[in-house]
Every structure is written in C-alpha cells, then in structure tokens.
Amino acid sequence: MANIILLGPPGAGKGTQARLLVERRGMVQLSTGDMLREAKTADTPMGRRVAEVMARGQLVSDEIVIGLIEERLKAGGGAGFIFDGFPRTLAQADALARLLERIGQRLSAAIEMRVDDEALLARIVGRFSCGACGEVYHDQSHPTAVPGVCDACGSTDLRRRADDTEESLKQRMLEYYKKTSPLIGYYYALGDHYVVDGLGEIEAVAAAIAAALDSANSS
Ligand code: ADP
C-alpha cells in the first residue's frame, strides 16, 4: 500500500493528478482544500472563519486541518492515500508522520510537481470545475464542449473558486514559498522526495508520477 503526498504550488495540478490516481489505482484522495471548502459551507463560526482565511489566500490553522485529516485516516485508505494540499507546514508534516504511524503505516513518497511560476497565474485565473463530479476545466486550455455543461456528467453546476483571483493567488504563492516549500528539503532529507515536471501534458505528468510511485514501492 502506497501513501503519497503531492507537493507543489497552487495550480501545479495536484488535484487533477490525484483524481487520476483514484480512478486508475483505487487510491483514496485526501484534499484538505476540498475538505475545507465543505467545512466553510456550514454556517457556523468555524465555517465563517475558514471561509475568510481561504478567500484571503492564507493558511487555515494547523489544528483544524490536522483534525480533518485525522478523522479521514480512520476511515481507511483503499490502495493507499494521496495527500493533496497537505501537509503545508512542517508542523503538519510531523503530525502526518505520527498519524500514519498510529495506524501502522508510513509515507512512500513525497512527489513534487515542479512548475514555473509564470505558468501558474494563467492556469489558475481561468479555471473552473463541476460542482457535481469535480471535473476540472479551463477557459482556454480545456473548455467544456457545450458552454455551461459538464462534459463528464452533464451537470450545469460549474463553479469558480472564490480564491482563484490574481490578488488571492499572490498571497497563496507567498504562503507556499514561506511555509510549504521547506517541506521539499525535509522530504529530500528523509529520502522520500521525487520530482516530476508539472508543466507537461496531463498524461505525461501522470506517467511520471506512476514511475515515481513504482520506484518508491520497489525501494
Ligand atoms: P491550491 O493548492 O490550488 O492552493 P487548495 O484547494 O489545496 O488549493 O487550498 C485552498 C485553500 O485552502 C488554501 O489557500 C488554504 O487557505 C486552505 N488550505 C488547504 N489545505 C490546507 C492546509 N493543509 N493547511 C492550511 N490551509 C489549507
């Protein structure tokens, strides 16, 4: 059973690749971004606080996200967990190691999806997704065949994220370089670090991730 982290700046394509791994390998995707977007729809004091922090492009507190992950880990991981958007701080990385140990598991690989920052803005400002099935689209590079209708499931519930704006992206990039990018050195030192080129075609990136996974499994 392989448990992997997909690491990379906002817009690197972590969600897209995680979905493919779920489909093709039966792994379980744990996206803290998705979990928090669910939590913030609840009209509670916590939900409102989370919504504010996310819209500004800042990080939600370690305590909240670690709690969310802990709950999901207990439910079991099929052919392995894909951590997408978590950990984002060194404290979260330590917490993850402890939580995995508690359920008798370990991390197989932290796969860094390397992309050039210039490409990120174009990718993010223009992206939208289906509220029903989660398929991700882009105004220029991957529009729906029929405007306003999801190709995959036919739903008309197409959504743009509140934080996919130029201003919020700037803050998300700052948070990434300040708090998340140190994890690259951390996992490198642990011997769990792999790099793939995140700028290629979706299938080329998927093949590179599959190769990293196979190499992690055989080591
Ligand atoms: P992206 O990777 O494109 O930035 P995500 O959906 O992973 O998007 O995250 C969106 C927002 O959710 C982040 O900007 C942050 O506010 C919050 N968030 C997600 N995961 C975490 C986490 N592990 N720790 C703290 N905040 C998080």
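**The ligand and the helices around it**

A nitrogen atom of the ligand sits 3.0 Å from a polar backbone atom of G85, a polar contact in the sense of a pair of N or O atoms within 3.5 Å. Taken alone, the ligand exposes 550 Å², and the protein buries 96% of that (accessible areas by the Shrake-Rupley method with a 1.4 Å probe). The model is a predicted one, where local features need pLDDT of at least 70 and side-chain atom pairs count only at pLDDT 80 or more, while totals for chains, interfaces and linings use all residues. Residues are numbered from 1 along each chain as its sequence is written, and side-chain values use heavy atoms, with hydrogens and water left out.

A polar backbone atom of Q58 is 2.5 Å from an oxygen atom of the ligand, and an N or O atom in the side chain of K14 is 3.1 Å from a ligand oxygen. There are 20 residues around the ligand, and T32, R37, Q58, V60 and Q92 come nearest; a residue is near if one of its heavy atoms lies within 4 Å. That shell splits into seven nonpolar, six polar and seven charged residues (Ala, Val, Leu, Ile, Met, Phe, Trp, Tyr, Cys and Pro are nonpolar, Asp, Glu, Lys and Arg charged, and the others, Gly among them, polar).

Now for what α2 packs against. Its axis lies 10 Å from that of helix α4 (residues 62–73), at an angle of about 105° (axes are lines fitted to C-alpha atoms over the stretch in contact, with angles from 0 to 180 degrees between N-to-C directions). That makes α2 roughly perpendicular to α4, a label for angles of 65 to 115 degrees. On the α2 side, T32, M35, L36 and E38 meet I64, V65, L68, I69 and R72 of α4, where contact means heavy atoms within 4.5 Å.

Finally, P87 lies in the loop between β3 (81–84) and α5 (90–102). The peptide bond from F86 to P87 is cis, with omega near -5°.

Technical notes
A polar contact is a pair of N or O atoms within 3.5 Å; within protein, one must be able to donate a hydrogen and the other to accept it, and residues adjacent in sequence count only if both atoms are side-chain atoms. Helices (H or I, at least four residues) and strands (E, at least two) are DSSP runs, numbered from the N terminus. Angles under 35 degrees count as roughly parallel, over 145 as roughly antiparallel, 65 to 115 as roughly perpendicular and the rest as oblique.
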